[in-house]
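Subject: Structure handover

Hi,

Here is the structure we talked about. Please open it and follow along with the notes below.

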Amino acid sequence: MALELVARLLEQPGTEYLRAPLYASAVHAWARVEAKCARAAEYLEAMPIERQMESPKPGTAPPLEVWRRMEATALTHRGRLGLDPLSAARLGKDVAAAKVDMAKLLSDAQAAVDAREAGEGA
């Protein structure tokens, strides 16, 4: 299931940056926890709510709490990869700002070259 999630994610428009080798381990970690969350949710749906909230044995977390922790981990992974609306917007803003900075840098460099050439020609 995790490998299928990775494949589907990387097919989506706007996720091209996640295809870079740098992101491979993060993408696979995200997919593993998403797959576990899905399986845990299926497991929980099959049991009464009372059992979901009971610890199976003293000192252990109830199944619902284990699932909640997995969901929190999945949420963290989504945010780090830009897979939720807020983090996607932040990522887009950061990428746009980097492009503006690069454009300004290139423009300034071209202006310096033009000024040097103008000074040499005079």
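Glutamate 65 and arginine 68 form a salt bridge, with their closest N and O atoms 2.7 Å apart. (A salt bridge is a side-chain nitrogen of Lys or Arg within 4 Å of a carboxyl oxygen of Asp or Glu.) Both residues lie in helix α4 (residues 63–81), three residues apart, about one turn of the helix. Helices here are DSSP runs of H or I with at least four residues, numbered from the N terminus. Glutamate 65 is partly exposed, with a relative accessible area of 22%. Arginine 68 is partly exposed too, at 44%. (Buried means under 20% relative accessible area, exposed over 50%, partly exposed in between, with a 1.4 Å probe and protein chains only.) Salt bridges with shared partners also join Glu34, Glu71 and Arg78 into one network.

A note on the source. This is a predicted model: local features need pLDDT of at least 70, side-chain atom pairs count only at pLDDT 80 or more, and totals for chains, interfaces and linings use all residues. Residues are numbered from 1 along each chain as its sequence is written, and side-chain values use heavy atoms, leaving out hydrogens and water.

Back to the salt bridges. The structure holds six. One joins the side chains of glutamate 4 and arginine 8, at 3.1 Å from N to O. These two are four residues apart in helix α1, so about one helical turn separates them. Another pairs glutamate 42 with arginine 39, at 3.8 Å between the closest N and O atoms.

Next, the core. A nonpolar core is a set of buried Ala, Val, Leu, Ile, Met, Phe, Trp, Tyr and Cys residues joined through side-chain atoms within 4.5 Å. The largest has 10 residues, including Leu5, Val27 and Trp30. Helices α1 (2–11) and α2 (24–45) each give two or more residues to this core. A second, separate core has five residues, among them Val33 and Cys37.

Which residues does tryptophan 30 touch, not counting those up to four places away in sequence? They are Leu5, Val6, Leu9, Ala74, His77, Arg78, Leu81 and Leu83. (Contact means heavy atoms within 4.5 Å.)

Last, the rings. There is one aromatic pair. Tyrosine 17 and tyrosine 23 have ring centres 5.7 Å apart and planes at 85°, so the pair is edge-to-face. (Rings of Phe, Tyr and Trp, the last by its six-membered ring, pair if their centres lie within 6.5 Å; planes under 30 degrees apart count as stacked, over 60 as edge-to-face and the rest as tilted.)

Best wishes
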